[in-house]
Amino acid sequence: MKQIVQWCQREQEKLQGRSLRECAEYLWGYYQLWIIALVCVLLLLPMGIHHYFTTNSECWFFSCFANTTARLGPGTDFYNGFAEYAGYDLNEKDLLFVDQCYCDPNRKLVGNQYYQLLITYLDSGELDTLVMEPEYLQTIGASGRLMDLRDNRTASLFEKYHDRLIFSVPLEEKNGSEAIPIGIDLTGSILTEQIGAYPMGAALGINALSPHPEEAAAFLSYLFASAGDNPSTH
């Protein structure tokens, strides 16, 4: 504590006699990374608190719908329809749909709280599926955060949607250079047709750390059945 006080006194002495602009330039020049980190924490804290107090300790299924202005969360026909379709008792566990997440994974701008929150959802093993534009999903997949659909847990989906597969090449050489099936094209689904949530197209990926990968089958079935579409015809 004494060292912190001494450091603060030294910094205060350095800033004495300087204009407000000079002080700002000094602090930004020497403590830029600390300032950015603090801003990120302050931006994410309210969202984290909201998530903590509105999320049950257990949930049936958790999906994030990135880069859409369509409302897909609790209270919507889409949300209620899937809960009924899957037979979820929402008094027992929760169904989580996040529909406010706007980011371009190819840019990864520092301070984009939505991108940071998305990565937190993926890396913490909370999120089950991610829906976003195909090219953006490929970027997330290249980082190794999406499941290889040839995995035993998703092999049935790999076979059923074999002509809808989205591939991505790993960024890290240790993971090889082979294109890996990490997503499923959602063209013709309720999201792209009736709701129009993704007019430029969308794809679904399963989190590599998904706690409920088996629920993705029911969700995909709902997306296409609700659209009156038979995936096997594509």
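**Going through the model**

Me: Start with helix 4. Which of its residues are buried?

Reply: In helix 4, residues 113–123, the buried ones are Tyr115, Leu117, Leu118, Ile119, Tyr121 and Leu122. Buried means under 20% relative accessible area, exposed over 50%, partly exposed in between (1.4 Å probe, protein chains only). Helices (H or I, at least four residues) and strands (E, at least two) are DSSP runs numbered from the N terminus.

Me: What follows helix 4?

Reply: Gly125 comes after helix 4, and the phi of Gly125 is positive, near 80°.

Me: What should I know about the model itself?

Reply: The model is predicted, so to speak of a local feature takes pLDDT of at least 70 and a side-chain atom pair takes pLDDT 80 or more, while totals for chains, interfaces and linings use all residues. Numbering runs from 1 along each chain as its sequence is written, and side-chain values use heavy atoms, with hydrogens and water left out.

Me: How many helices and strands are there in the protein?

Reply: The protein has 7 helices and 6 strands. Along the sequence they come in the pattern α-α-β-α-β-α-β-α-α-β-β-β-α.

Me: And how much of the protein counts as buried?

Reply: 42% of its 234 residues. As for contacts (heavy atoms within 4.5 Å), among those with a separation of 6 or more, 69% are between residues 24 or more positions apart.

Me: Switching to helix 3. Which residues of helix 3 are buried?

Reply: Phe78, Tyr79, Gly81, Phe82 and Ala83 are the buried ones in helix 3.

Me: What covers the buried residues of helix 3?

Reply: The cover includes strand 1 (59–65), strand 2 (94–98) and helix 7.

Me: At what angle do helix 3 and helix 7 cross?

Reply: Helix 3 (residues 77–86) and helix 7 (residues 215–225) cross at roughly 125°, and their axes come within 10 Å. That makes helix 3 oblique to helix 7. Under 35 degrees counts as roughly parallel, over 145 as roughly antiparallel, 65 to 115 as roughly perpendicular, and the rest as oblique. Axes are lines fitted to C-alpha atoms, for helices over the stretch in contact, and angles run from 0 to 180 degrees between N-to-C directions.

Me: Which residues make the contact?

Reply: On helix 3 they are Asp77, Phe78, Gly81, Phe82 and Tyr85. Helix 7 brings Ala218, Phe219, Ser221, Tyr222, Leu223 and Ala225. Phe78, Gly81 and Phe82 are also on the buried list for helix 3.

Me: What about the residue just after helix 3?

Reply: That one is Gly87, with a positive phi of about 75°.

Me: Where does Asn67 sit?

Reply: Asn67 is in the loop between strand 1 and helix 3. Its phi is positive as well, about 60°, although Asn67 is not a glycine.

Me: Is Asn67 buried or exposed?

Reply: Asn67 counts as buried, because its relative accessibility is 19%.

Me: What does the side chain of Asn67 reach?

Reply: The backbone nitrogen of Cys103, at 2.8 Å. Leaving out residues up to four places away in sequence, Asn67 touches Cys101, Tyr102, Cys103, Met132, Glu133, Tyr136 and Tyr198.

Me: Different spot now. Where is Ala142?

Reply: Ala142 is in helix 5, residues 134–142. Its relative accessible area is 10%, so Ala142 is buried.

Me: What does Ala142 touch, beyond residues up to four places away in sequence?

Reply: Ser168, Val169, Pro170 and Leu171. The C-alpha atom of Ala142 is also 8.2 Å from that of Glu172, and those two are 30 residues apart along the chain.

Me: Tell me about Ser168 then.

Reply: Ser168 belongs to strand 4 (residues 165–168). Ser168 is buried because its relative accessible area is 6%. Its side chain reaches the backbone nitrogen of Ala142 at 3.2 Å. Again without residues up to four places away in sequence, the residues that Ser168 touches include Gln138, Gly141 and Ala142, along with Glu178, Ala179, Ile180 and Ile182.

Me: Last one. Where is Ser143 found?

Reply: In the loop between helix 5 and helix 6 (155–160). Ser143 is partly exposed, since its relative accessible area is 30%. The side chain of Ser143 reaches the backbone oxygen of Ile140 at 2.5 Å.

Notes
A polar contact is a pair of N or O atoms within 3.5 Å; within protein, one must be able to donate a hydrogen and the other to accept it, and residues adjacent in sequence count only if both atoms are side-chain atoms.
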